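My notes follow the structure.

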Amino acid sequence: MTYTPPSHFGATLRLHLNENTAGCSPAVLAALRSIDRLDTAFYPDYAGITAATERWFGVPTGWVQLTNGLDEGLHVVAQAAARGRLDAEALIVEPAFEMYAACADAAGLIATHIAPGPDFAFPLETLRRAITPATRLITLTDPNNPTGLPIPAGAIEQIALEAPGAFVLVDEAYAEFSGRTMIGPALDRHRRLIVGRTFAKAHGLAALRVGALVAHPETLALIRRLLPPFSLNICAVRALAAALDDRAYLDWYVAQSIESRALLYAFADRHGFRHWPSEANFVLIRVGDRAAAVVDAAGVRGVALRDKSAAPGCAGCIRVTAGVAEHTRACLAVLEDVLASRAN
Ligand SMILES: *Cc1c(COP(=O)(O)O)cnc(C)c1O
């Protein structure tokens, strides 16, 4: 498939929020343009799009709940975990997506942050020891944001077994890039295991707000009681339908992202910067004390990057989105320029 990505000339190249740098599939835009007057006037019906999403994930009817972005899903799972308890605790494995702490706080959960092991080793033993009878929510990200690293095989099910009173939320926002998922028989074996997905990243629908929770229907029933009846607007519904129908576009974008990861690794190797092999659409690179200055200087030159220095274990690290290869090349030209001018 041939596809021409939009030119970012004259605008900021946004590589700081792991967005799709090419934008959505052209088929999504056509679907949005075809929305008519009555479509906008009627409350949306989710039966068709929910069934299409269940087929996409290969799960039976009743196993998917669409949400207004995965962020809404994270909020509602935290609320379900806190419901009716004053002492409910959440465990958050660091470095973590910032929304987990915000959602725990909003729901009134007491959050305990689990530090990563050396070199971001998954802290399975620390996490197991932190589980108490009051643990109601454990949030895990696979592959992790901001490291791009996977959770070791078997760890998620072990945690679910040892914390039977907790929702174990596995955030798979980047699963299209990793090619791995917990969606499958494990969700039947562990009824409180919930997989979170988003169509913001690989499918390029961040501005439309569309995510999904995938879990056993018994668990989703608890979640549904807390959701408003019309979380998704009609644009999100139509966009998702079109995006799911255009697998070629997704495949093209994932291939671009993999090419971009290799370009970012090569850049880091050239400069002797520590980096981690990423299964997602971004790469974490340790540029050292100059991280903030590098991000600022790149910003002035029109490339937005993310300084992750303040996150646990991430001192001196920047996170760079790996999107369309051509965009990554443009970013690297700017970074080389920034590093060269700082060396003088
Ligand atoms: C981007 C991101 C999300 C948010 O997804 P939305 O659908 O845009 O709300 C959730 N989790 C992680 C780990 C993310 O990086």
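The entries below take the ligand and then the cavity.

I worked from a predicted model, in which local features need pLDDT of at least 70 and side-chain atom pairs count only at pLDDT 80 or more, while totals for chains, interfaces and linings use all residues. Residues are numbered from 1 along each chain as its sequence is written, and side-chain values use heavy atoms, with hydrogens and water left out.

**Ligand.** I looked up the shell, taking residues with a heavy atom within 4 Å of the ligand, and found 14 residues, the closest being D171, Y174, T198, K201 and R209.

For polar contacts (pairs of N or O atoms within 3.5 Å), I noted ligand oxygen atoms 2.7 Å from a backbone N or O atom of L70, 2.9 Å from a polar backbone atom of D71 and 3.0 Å from a polar side-chain atom of N145. The protein covers 94% of the 380 Å² of accessible area (Shrake-Rupley, 1.4 Å probe) that the ligand has on its own.

**Cavity.** I then searched the whole structure for cavities (sets of points on a 1 Å grid over the protein atoms alone where a 1.4 Å probe fits but cannot get out) and found one of 30 Å³ or more. The largest cavity has a volume of about 50 Å³, and its lining (residues with an atom within 4 Å of a point) takes its largest share, three residues, from α5.

Key. Polar contact = N/O pair within 3.5 Å; in protein donor to acceptor, adjacent residues only side chain to side chain. 1 Å grid on protein atoms, 1.4 Å probe; cavity = no way out; pocket = protein on both sides within 12 Å on 5 of 7 lines; lining within 4 Å. Points joined across faces, edges and corners; volume = space filled by probe spheres on them. Helix = DSSP H or I, 4+ residues; strand = E, 2+ residues; numbered from the N terminus.
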